[in-house]
Every structure is written in C-alpha cells, then in structure tokens.
Amino acid sequence: VAFVALVAAILGGVNWMANRYPKRLDVSKDARFSLADQTRKILGGLQSDLTLTYVQRNSASATSVKDTLREYQAASPRVKVEYLDPLKEPGKVRALEVTQLPTIIVALGERREKVLSDTEQDITNAILKLTRNVKKTVCFASGEGESDVDDPSEHGYSGVKSAITKSQYETKRVVLLQEQKVPEDCTVLVVAGPTKDLLPEAAGYIKAYVKAGGKAMLMSDPVEKGPSPNYESIFTEFGVKPGADVLVDASGVGQLFGTGPYMPIVTDYPYHEISKDLKGMMSAFDMARSMTPVTPAPDGVIAQELGRTSGRSWGESDVTLKEPVTFTDKDARGPLNVAVAVTIRAPPPAA
C-alpha cells in the first residue's frame with residue numbers, strides 16, 4: 001500500500017509539474033514544427049497580453065492550426081489562445097467583424113489585426129504590426145542607376161520590396177539631390193549598387209546623415225564600369241576599403257547550386273548581431289567585390305567583418321571578366337570579406 005501510494009504521489013507530482021511548466025521538444029528534421037527565432041524574439045519582447053482567436057466552424061478538428069497556435073502560447077506567458085465557432089457563438093464573431101472563414105484575430109489591447117491564413121509568417125507579421133508604435137520606412141536612393149525596388153527582373157529589387165512590406169516596413173524612393181538631404185522619415189537608407197558615381201553633394205548628404213546617427217546600407221558592385229571616387233569616399237571615411245576586384249570562388253561549391261566562379265559562397269561569419277543567426281548556413285554573392293576594414297580605424301569608428309569567402313577564393317584584379325579566369329600574383333588570396341558592419345560613436349556633447 002505504501003509503495004502504491006508513493007508511486008501515485010510521484011506520478012501526481014510529475015503531472016502537476018508538466019501542466020504548470022510545459023516543455024515541448026521538436027525532434028523533426030530542420031525543426032519544422034518549431035517557431036522561427038525571429039518569432040520567438042518578438043514574443044519574448046511583448047509588454048502586454050496578446051490574444052490569438054481562431055474563428056472557424058468545428059475548430060476542434062483543425063489540428064495543424066491548433067498545433068501552430070500552441071507553439072505561440074508556449075513561447076510566451078503573455079500569449080492567450082481562444083477558439084470561436086460562429087454557429088455556437090455568433091454574437092462574439094459578429095463583434096469581431098469576421099466576414100471570412102477561417103480567420104485568426106490577433107489582438108493587443110484595443111488593436112486588432114485579421115489574418116486569413118495559419119502560416120507563421122502571416123501571424124507573426126500581424127503581431128509585429130501591432131507591437132510597432134512607430135512607422136518605419138526603408139528609403140532607397142535613386143538617380144545614379146541603383147537597383148529599382150519596382151523592377152521584377154533579376155536585377156531588380158521588387159522581391160526585396162515585397163519581403164520588407166510583409167515585415168510591416170514601408171518603402172520609398174528618394175533622390176538625394178532633390179531632397180538635398182536624407183529625409184527625416186527614413187529609418188534606414190539603402191544605396192543599392194549605383195552604376196554611376198554619386199555627385200559630391202549626394203555623397204556629402206549620406207555622410208552627414210550617418211554622422212548624425214542615421215542608419216545606412218551601402219552596396220557597391222565591382223569596378224568594371226570604372227571607379228566611383230565620390231561614392232567610395234563614403235566607405236573610406238567610415239573605415240572600409242572597397243577592393244578594386246571581383247571575387248572568384250574556385251572551391252566548386254557554387255557549381256553544385258548551378259552558379260559559376262563569380263558567385264562566391266560564404267559560410268564563415270565572424271560574430272556580430274547581424275550575422276549571428278547565419279552560423280551553419282551558406283549565402284551566395286553574385287558579382288561581389290571585397291570589403292576590408294581599415295587598420296587603424298578612423299577615430300570613433302568600429303568596423304567589423306560580417307562574412308568571409310573560402311580559402312580557395314581570391315580577389316581577381318582583372319575586372320573585365322576575361323575567360324579563363326586564373327589566379328596571378330596581382331590578385332589577393334582568400335579568404336576575403338564581403339561585408340562590413342560599421343558603428344560610429346557619437347561625438348561627446350559640447351561643454
């Protein structure tokens with residue numbers, strides 16, 4: 001009797017602990033039944049209760065949706081999940097102004113968003129929209145042959161615009177010479193590989209914007225069409241030297257994915273907040289040039305490498321892309337860096 005009572009007490013205690021502190025383990029390949037790290041970060045930062053309401057007839061049979069919503073609930077104690085059947089509770093459904101089934105209502109305080117799919121991306125984007133109190137705008141510089149955010153071709157950035165919009169950012173094009181500055185509503189300025197050199201005035205607007213605390217993403221293609229001293233002066237002023245080269249990868253990894261030697265594969269990511277989640281992943285850079293932090297760095301500037309090519313790569317000094325491409329003494333041997341993150345310390349306040 002004592003033994004049975006002891007076993008019952010242990011099982012009861014385990015059951016109580018499991019209900020009070022539930023833990024789930026995803027052992028599937030690629031953790032496909034788990035939420036993405038970005039979703040977990042957003043849920044971990046919730047400052048108030050969030051309610052996910054699934055509206056559907058006979059919602060008890062929607063196993064996959066319930067599994068997804070349980071993942072959200074398990075990720076944060078602030079997430080609450082409800083299920084509504086319009087046949088059983090029509091008043092509540094009408095109050096939510098649901099006109100299509102199934103619908104997931106994402107509610108944060110008095111604010112609500114309707115999601116018409118059960119994908120993690122759509123649910124998380126709705127949460128992101130509710131938690132973001134300030135409108136954020138990604139501004140794309142235009143006027144010097146930069147990639148166009150409305151161009152659907154392989155050289156255009158329409159896919160980038162679509163991805164940014166889904167993440168609840170707004171986008172717009174800016175002509176710096178017309179604005180005579182980077183507009184104040186720009187959360188970040190993107191200069192996407194201009195094919196012509198910037199005029200000195202436009203380069204000056206970017207430098208002033210960054211020095212004042214603005215965020216910018218500057219991209220530069222190999223110099224096969226000629227140097228761009230004004231644009232490159234922005235890089236050098238902030239501690240980065242753009243290589244007069246085009247990166248070549250002779251490892252053969254790129255060919256496995258249907259690319260050539262001019263699309264180096266990067267698997268080495270020095271630790272940084274930007275690249276920390278890329279460990280163990282491969283990224284490809286089509287027609288890239290090297291980017292090297294300057295040593296010593298300018299005063300107040302911290303430049304950190306973000307991604308390096310393999311040891312079987314080099315910086316080809318002949319940017320005319322003549323075939324066959326071979327390594328010579330004029331070329332820089334890899335691994336070489338393809339991106340740099342620059343942090344600029346604000347000047348001390350005036351006495």
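In what order do the four strands of the open sheet with mixed pairing stand? The order is β2-β1-β3-β4. This is a predicted model, in which local features need pLDDT of at least 70 and side-chain atom pairs count only at pLDDT 80 or more, while totals for chains, interfaces and linings use all residues. Residues are numbered from 1 along each chain as its sequence is written, and side-chain values use heavy atoms, with hydrogens and water left out.

**Terms**

- Helices (H or I, at least four residues) and strands (E, at least two) are DSSP runs, numbered from the N terminus.
- Two strands pair if DSSP finds at least two bridges between them.
- Axes are lines fitted to C-alpha atoms, for helices over the stretch in contact, and angles run from 0 to 180 degrees between N-to-C directions.

**The mixed sheet**

- Four strands make up this open sheet, and their pairing is mixed.
- Its edge strands, β2 (79-84) and β4 (111-115), each pair on one side only.
- On average, neighbouring strands are turned by 20 degrees against each other, direction ignored.
- Strands β1 (residues 50-55) and β3 (residues 103-108) run antiparallel and are joined by six bridges.
- Opposite threonine 51 stands alanine 107 in β3.
- Helix α3 (residues 63-75) packs on the sheet and touches β1, β2 and β3 (contact means heavy atoms within 4.5 Å).
- The direction of α3 makes about 155 degrees with that of β2.
- Helix α5 (residues 120-131) lies across β1, β3 and β4, and runs at about 160 degrees to β4.

**Helices α2 and α3**

- Helix α2 (residues 37-44) packs with α3 at an angle of about 50 degrees, and their axes are 9 Å apart.
- The two helices are therefore oblique to each other (under 35 degrees counts as roughly parallel, over 145 as roughly antiparallel, 65 to 115 as roughly perpendicular and the rest as oblique).
- Thr39, Arg40 and Leu43 of α2 make the contact with Glu71, Tyr72 and Ala75 of α3.

**The parallel sheet**

- Another open sheet has four strands in the order β6-β5-β7-β8, with parallel pairing.
- At its edges stand β6 (170-174) and β8 (216-219), each with a single partner strand, so one side of each has no neighbour in the sheet.
- The twist from one strand to the next averages 20 degrees.
- Five bridges link β5 (residues 137-141) with β6, and these strands run parallel.
- Threonine 137 has glutamate 170 of β6 opposite.
- Helix α8 (residues 200-211) packs on this sheet, touching β7 (188-192) and β8, and its direction makes about 145 degrees with that of β7.
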